[in-house]
Amino acid sequence: MIVREVMKKNAVKYYENDSILKVASAVTERDVEGGLVYNELDELVGWFTYKELLKGIIQDYTVLNEICIRDYLLIEENSAIKNLDFTTYGLFPVLNVEEKITGFITRGVYLKAVARLSQIEKNIFPLRRLI
């Protein structure tokens, strides 16, 4: 299974000066776990998950610039999901072959995909034993 098959496609861009409360409302409505943060030049500057949003609300921060994580690792759409390591990053921006950001993958999306892949393998391997 590859990243392109499970990633969240970029439908909404969040900007550094967006209100944390409005962004929290938007991601809740869209049922996503986070998003990518851009500057006024449409350059990727970071990312966030529910965790950063919640911390920001608790600490009375007001805009994404105050809470977004600026350290990120870009991955390619054709990367195997099993090669992702979420111990350092909670979200990976995804690039297509033209090196444009087309979406992102979160830990939650990754875990659902791995569980689905495991279930598929579980259903296939018993058949192989019968042959």
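Two strands count as paired if DSSP finds at least two bridges between them. On that basis, this predicted model contains an open sheet of four strands in the order β1-β7-β6-β5, with mixed pairing. Its edge strands are β1, residues 8–9, and β5, each of which pairs on one side only. In general, the strands of a sheet pair through backbone hydrogen bonds, in either the parallel or the antiparallel sense. Here, β5 and β6 run parallel to each other over two bridges, and E76 stands opposite L95 in β6.

The sheet is one part of a chain with four helices and seven strands. Read from the N terminus, the order of elements is α-β-β-α-β-β-α-β-β-β-α. The C-alpha trace spans about 60 × 35 × 25 Å along its principal axes. Of the contacts with a separation of 6 or more, 55% are between residues 24 or more positions apart.

Another pairing involves β3 and β4. Strand β3 covers residues 34–38 and pairs with β4 in the antiparallel sense over five bridges. Within this pairing, Y38 has L44 of β4 as its bridge partner. The two strands form a hairpin with five residues between them, and D42 in that turn has a positive phi of about 65°. Strand β4 itself, residues 44–49, is mostly covered, with six of its six residues buried.

Positive phi values also turn up in two loops. D60, which is not a glycine, has a positive phi of about 60°. This residue belongs to the loop between α3 (50–58) and β5 (75–76). E99 is likewise not a glycine and has a positive phi of about 65°. Its loop connects β6 (91–95) with β7 (101–106). Are these two residues buried or exposed? The cut-off for exposed is over 50% relative accessible area. D60 has a relative accessible area of 64% and is therefore exposed. E99 is at 64% relative accessibility, so E99 also counts as exposed.

Over the whole chain, 39% of the 131 residues are buried. The chain exposes about 8,300 Å², and carbon and sulfur atoms supply 53% of that area. As for charge, there are 17 positive and 19 negative side chains. The centres of these two sets lie 10 Å apart.

Key. Residues are numbered from 1 along each chain as its sequence is written. This is a predicted model: local features need pLDDT of at least 70, side-chain atom pairs count only at pLDDT 80 or more; totals for chains, interfaces and linings use all residues. Side-chain values use heavy atoms; hydrogens and water are left out. Buried means under 20% relative accessible area, exposed over 50%, partly exposed in between (1.4 Å probe, protein chains only). Contact means heavy atoms within 4.5 Å. Accessible areas come from the Shrake-Rupley method with a 1.4 Å probe; for residues, only the protein chains shown count as cover. Lys and Arg count as positive and Asp and Glu as negative; His and the chain ends are not counted. The place of a charge is taken as NZ of Lys, CZ of Arg, CG of Asp or CD of Glu.
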